[in-house]
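Visitor: I would like to go through the labels used for this model and ask what stands behind each of them.

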Amino acid sequence: MSVGEAVSHESAIGHVTGAALYTDDLVGRYPGCLHAWPVQVLHAHARVRAVDARAARAMDGVVAVLDASCVPGVNDVGAAKLDETLFPDEIVYWGQPVVWVLAETEEQAKRAALAVAVDVEPLAAITSIEQAIEAESFHAEPKTIARGDAEGALSRARHVASGELFVGGQEHFYLETHASIASVDEAGSVLVQSSTQHPTETQEIVARVLALPKNQVVVQSLRMGGAFGGKETQANTFAAVAAIGCHVTGRPVRVRLDRMRDFALSGKRHPFLGRYRIGFDDDGRVEAFDLALYSDGGYSLDLSVPVLYRALFHADNAYFLPHVRVVGRVCKTNSCSHTAFRGFGGPQGMIMIEDALDRVARSLGLAPHAVREANLYREGHTTHYEQPVSQADRVARIWTELKASSDFDARLAAVRAHNAGSPNAKRGLAITPVKFGISFTAKWYNQAGALVLVYKDGSVQVSHGGTEMGQGLHTKMQQVAAFTLGVPLAAVRVMPTRTDKVPNTSATAASSGADLNGAAIRAACETLRERLASVAARLLQVDPGELVFARGEVGRRDGKGARLPFAEVASRAYYDRVQLSATGYYRTPGLHFDEASGRGHPFHYFAYGAAVAEVEIDRFTGMYALRRVDLLHDVGDSLSPLVDRGQVEGGFAQGVGWLTQEELVWAPDGRLATLNASTYKLPTLHECPEEMHVTLLPMATEPGVVYGSKAVGEPPFMLAFSVREALREAVAAFGEAPRVVELASPATAEQVYWAIERVTRAARAREEAAQ
């Protein structure tokens, strides 16, 4: 057995010993490789009058300065549309490269870049969502999903609350920054080694800028040192620069950003501004929800529209909203082009309803967890886009089981007792749910292919369209292939992802990598198993339907008779001229969505989870400690429990960072002030909970997905809402049942301190008014 076993990551030993290679580690294989470095313009918006690179070209080691004249094809790397000029004559975000220097060494390229003189005319810049709204600067028309009569229900509601919440972005901060190496062969074909989540799109962009057919460009993604969505489209620019440099010089070219340039040049999680009204009854049940969402898309479209749509789709989180209207706009600003990030807009949409439900609870004097529980989805409910909430019973099941396993009620009483006797250190306890739809919102991405090769010695090679970024996808695919063919895990080798092995692939994103590629691999392996069964049946003189492949052998299902080694069957198949390679293909069934009506079935299924978090806050600093976390998450029948557990823990930790620490600070001139780890605060071991319990929901088979599993990459990220709400509970404890607890996002220690100040001032004001 391989599927369902807790096995280590297939590259774990390489990761910890340093033997695992990443894109930039391959540069030694390319003698004479040149090094590229950008010439940046330090304005958020400016017109380029002239570029003088004569001094740079005369410097030692400089081979070329790349500009628009070097591009044989289209001078644009935009994925959604042609709005990302590679060598621009108009600067549209702070630090945008205008030309790139190629030199024998990186240090020579850096020095020469400083010698390039760029004359620019500064222009007015839009550097915030509010400025974009005022200027009506948008990338696309409004997007709307509505059900019922939100306006009418609000007018009839017994209670109505309103709020506004700005949600900051997030830096991906993958350990490996953007990197590409391009080389050309004797036929003029280009090979690009790229740290990319989407090799096919990188292939397409490189072919575009070089004016080559795609069959002349091969892109390989060996492995990535993290990506989180940041290398889905953003890797294309750096692959294109390397490829153009290779075209101009005939030599291999390397592009690798340092951390500060990676911060400045690559997009982040989209910042969002939400404005809402919520209507509800005396028991806190929601009757209407009206939400306006504005995302900061940056200077280009990129993936901003599908990110916005996922925010609209997930504006309900796990709650039934009978009358609802959600409207979204993508703002066009003079910042780097914001892009995919774990959750892909879902977290920004979900946080709004969590914020609103807290207002509902406090305005009624009810416990927030009770209001949340009263509004959870039940069997028979549909979403606001009218997709049935499949397995809705799991929402209540997870909620109930987690409250029991975390001893929620007793701990809540203990927290209240502690707070009553502790004026300067307050604790908070909160429970929040997660419902997350699984599928690409772009329907055509929901497909995958695989190529499986069986050799005469019984060893197996697997190629598929998914990329490995440390998340364990290759490990799961190795397990799927081994289980389906009935061979030991060690007999299966998963190959690096290449566009000449599996063409026209989708990005490894939307938590769908295992679903899509696993199903394609299973299909290919089943084809091979059927062929091999015919061979083994002749050797064993039985019907092929009686055979089972397991533990590296082929024998009768009832255990009787002789058993043949898998390798022997494979060898005999070769001599019998039976094909030992097969392709597999899969496309997700049943997906559809009509944008005009806002109705459809955009997701294959939903993943569910819940989290309980307990925190303690210091009154005088706003510093907090995460005392305990309990997570219960639905991964279906886990393909690889150790990998899935790691994804749940890692997703939660990254979500805590986004909600509590990772603050992107943009100066008024559009400059990003938090450009490295000294100014951008990431979660560390110090912020890890003192006590953490992680459980994968048992007996949770998902029909119609490879071996009953569910996606796990993104949904656990939103479990971190529990920490934000626990912080809010602790802040509230410093006041006297405040009606509103405003909490910024991220809720840094500074912001928590000011939130405490607001509730204590409000409490004092009420006391003075009562006297």
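**Labels and their cut-offs**

Guide: Nine of the ten residues of helix 9 (residues 304-313) are buried, so helix 9 is largely enclosed by the rest of the structure. The model is predicted: local features need pLDDT of at least 70, side-chain atom pairs count only at pLDDT 80 or more, and totals for chains, interfaces and linings use all residues. Residues are numbered from 1 along each chain as its sequence is written, and side-chain values use heavy atoms, with hydrogens and water left out.

Visitor: Which residues of helix 9 are buried?

Guide: They are Ser304, Val305, Val307, Leu308, Tyr309, Arg310, Ala311, Leu312 and Phe313. Helices (H or I, at least four residues) and strands (E, at least two) are DSSP runs, numbered from the N terminus.

Visitor: Why does His314 count as buried?

Guide: Buried means under 20% relative accessible area, exposed over 50%, and partly exposed in between (1.4 Å probe, protein chains only). His314 has 0% relative accessibility, so it counts as buried. His314 sits in the loop between helix 9 and strand 15 (324-331).

Visitor: What does the side chain of His314 reach?

Guide: It reaches the backbone nitrogen of Gly437 at 2.9 Å. A polar contact is a pair of N or O atoms within 3.5 Å; within protein, one must be able to donate a hydrogen and the other to accept it, and residues adjacent in sequence count only if both atoms are side-chain atoms.

Visitor: Why does Leu102 count as buried?

Guide: Leu102, in strand 5 (residues 96-103), is at 0% relative accessibility and therefore counts as buried. Beyond neighbours up to four places away in sequence, Leu102 is in contact (heavy atoms within 4.5 Å) with residues including Leu34, Val63 and Thr249.

Visitor: What makes a set of residues a nonpolar core?

Guide: The members are buried Ala, Val, Leu, Ile, Met, Phe, Trp, Tyr and Cys residues joined through side-chain atoms within 4.5 Å. The largest such core has 156 residues, and Ile278, Phe289, Ile617 and Phe652 have the most contacts inside it. Helix 15 (residues 513-540) gives the largest share of this core, 14 residues. A second, separate core of 44 residues includes Ala36, Val71, Leu265 and Cys336.

Visitor: Why is one side of strand 21 and of strand 23 left without a neighbour in the sheet?

Guide: The open sheet has three strands in the order 21-22-23, with antiparallel pairing. Strand 21 (547-550) and strand 23 (564-565) stand at the edges with a single partner strand each, so one side of each has no neighbour in the sheet. Two strands pair if DSSP finds at least two bridges between them; strand 21 and strand 22 (residues 553-556) have four.
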